[in-house]
Amino acid sequence: MEKKIACITGATSGIGWATAIHLAKAGYAILACGRRLERLRELAEALPTGTPYWSLSFDVRDQSEVTRAFSSLPTEWQEIEVLINNAGNAHGLDTIDEGKVEDWDAMMDINVKGLLYVSKTVIPGMVTRKSGQVINIGSIAGKEIYPKGNVYCASKYAVDALTKSMRVDLNPHGIKVMGIHPGAVETEFSLVRFKGDADRASGVYDGFDPLTADDVAEIIAFAVTRPRHVVMADVLLLPLAQASATVFNRNPS
Ligand code: NDP
Ligand code: 8X3
């Protein structure tokens, strides 16, 4: 492959989809991952003409599926230079006493263990080549907790801890590790959190301009395209109206 390969998990929607487009524009070959096959096909059409593209459909929760998917890659797609660990979601918004075990399992299994499974598959090649960049998508929820955020916040605190740990462990190998932590971004995120309740989901963004997936993707692409010696280690990205995990300036006069 002439171009460097960027692998993006959760590329079927939101931040991952927009990141695929921005990195393709920056000259990367795109290896897109997600469960929804139709979306992976649509993404191929949405990329700039001529972008080398390959997709892998798997559930990040299933380690054997993850391993199988990556070992199915043709030789020219195996040298992944950039890994964007983006797949993830919140499931539910309940106090700790009322939270559902299946929601807790989904968040820990996808946001934490899924990120680990993909990393375990991709990073050893970077270590061998002494080259690579890993960007983990955390959240403001991994910097501050908020009411009813409990397990989602814990999963994103874990992503933050893993990002810092990866940076230390991979430091001898010349691999960049960066954490991008967005505040409110309007994607399918709230629709998933509220299990398809579109009114409740859109209400999250009432009265202010949230970040768009494009806003976040632009920062990710900027981070990836810095000179080799520059690492944007830890970025908290907020919409103007958001001052913390809980403070929003809604309906300003
Ligand atoms: P979306 O719901 O739009 O996208 C989530 C992506 O994750 C989809 O492509 C989905 O693909 C993928 N995904 C979810 N579960 C799995 C799974 N089990 N296996 C494989 N892929 C999976 O949300 P966002 O774009 O907003 O979220 C992307 C990341 O950004 C997440 O890690 C989220 O926590 C984080 N984030 C989001 C914020 C926001 O306000 N939106 C703010 C801060 C961080 P598919 O369903 O096809 O498998
Ligand atoms: C998503 C942002 O504030 O809904 O990570 O947790 S928040």
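Ligand 2 sits in the largest pocket of this predicted model, in which local features need pLDDT of at least 70, side-chain atom pairs count only at pLDDT 80 or more, and totals for chains, interfaces and linings use all residues. Side-chain values use heavy atoms, with hydrogens and water left out; residues are numbered from 1 along each chain as its sequence is written, and chains are lettered from A and ligands numbered from 1 in the order in which they are written.

A pocket, on a 1 Å grid over the protein atoms alone, is an open set of points with protein on both sides within 12 Å along at least five of seven lines, whereas a cavity is a set where a 1.4 Å probe fits but cannot get out; lining residues have an atom within 4 Å of a point. A molecule sits in one if more than half of its atoms lie within 2 Å of its grid points.

Which residues are around ligand 2? They are Ser139, Ala141, Tyr146, Tyr152, Phe189 and Arg193, with a heavy atom within 4 Å as the criterion. An oxygen atom of ligand 2 is 2.5 Å from a side-chain N or O atom of Ser139. For Tyr146 the corresponding distance is 2.6 Å, and for Tyr152 it is 2.6 Å. The protein covers 82% of the 240 Å² of accessible area that ligand 2 has on its own, by the Shrake-Rupley method with a 1.4 Å probe.

Of its 14 lining residues, the closest to the centre are His91, Gly92, Asp94, Met107 and Asn150.

Methods:
A polar contact is a pair of N or O atoms within 3.5 Å; within protein, one must be able to donate a hydrogen and the other to accept it, and residues adjacent in sequence count only if both atoms are side-chain atoms.
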